Amino acid sequence: MIEFLNGTRETVMYPEHFGIRLYMNNVAVDYPVHWHSAAEVIMPIENIYTAVIDGVRHTLEPGEILLIPPGELHELFAPQTGKRMILQFDSGQFIHMNGFDSTLAMLRPCTILRTGRDDELLQSLVPMLNEIMDEYFGNAPLREAQAYSLLIQFLVKLGRKLLTEGRLSQPSTQAEPAKRRKDIERFIRVCRFIREHCTENISVEDAALEAGLSKYHFVRMFKQFTGVSFLTYLNRERIHIAEALLIEPNVTITEVAMRSGFGSLATFNRVFKEHKKCTPSQYKTLHGQHIHP
């Protein structure tokens, strides 16, 4: 359930020292449009479940899996009876892992694993979710460590599937495996470059040069790989940095704008509100910090 909702932003309340929140939901309650900084995994167990993400309605059957990356606006609709597992986790704890951020970007605005289409993947991922649930509600020693281990395995298996058979292979199903691997490596490298230099004044031309592609081909292939434009991806990286800076008590909003790579306070305010549906000042207040202009 949504325990703390401010406007459209949900603050996910994790158990102490545990960046995973999991619960079995069997209440016939609809959840309004909201977003959160957690990534979310939903799997119906009994009866269907409906989600609207990025304005598109998706109905899930039991045993299917929906993944919602952080920051995506969504609303949820429950039938009168039914049960579903909802898992939320702090993706920031994995962001240092090479390739994780580019994999997360490929999930946007959501990823759904369907029965009849993704059966092989579901057969391996569903048991992992069930094991995470057993650890989460159990009392075995090192249960947090085991839950994290299973979650990493879940994300690795999903990520490898997306990277080898996902967006890059869809437009050109006849692409040679060696070329596909080269493209995957190329854009993982580019995503790392953007992450490492996002606070600088980098351009799409800089990223195209890093990829070894013309600007025209880079723009097309980057969106194919990540699901968003270069500018959107760059701004998302900058917003991630800004979020961390905004909760620092002695850092002003102007400093946050400059240190996270935005050229002006006005641009920062506009982009932040576009992505987070609240202003930087509201975000800072939400986290209990005194506002400095």
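**Confidence of the predicted model.** The protein has a mean pLDDT (the predictor's confidence in each residue, from 0 to 100) of 85, and 86% of its residues reach 70 or more. In this predicted model, local features need pLDDT of at least 70 and side-chain atom pairs count only at pLDDT 80 or more, whereas totals for chains, interfaces and linings use all residues. Residues are numbered from 1 along each chain as its sequence is written, and side-chain values use heavy atoms, with hydrogens and water left out.

Helix α6 covers residues 215-226; helices are DSSP runs of H or I with at least four residues, and strands are runs of E with at least two, numbered from the N terminus. Glycine 227, which follows α6, has a positive phi near 90°.

**Close-up of an aromatic cluster.** Ring pairs (centres of Phe, Tyr or six-membered Trp rings within 6.5 Å) link Phe187, Phe218, Phe222, Phe230 and Tyr233.

Strands β6 (residues 49-53) and β7 (residues 56-60) run antiparallel and are joined by 5 bridges; pairing requires at least two DSSP bridges. Valine 52 has arginine 57 of β7 as its bridge partner. The charged end of arginine 57 sits over the ring of phenylalanine 77, 5.0 Å from its centre (CZ of Arg or NZ of Lys within 6 Å of the ring centre and within 35 degrees of the ring normal).

Conventions
Expected span 1.5 Å × (residues − 1). Phe/Tyr/Trp six-rings, centres within 6.5 Å; stacked < 30°, edge-to-face > 60°.
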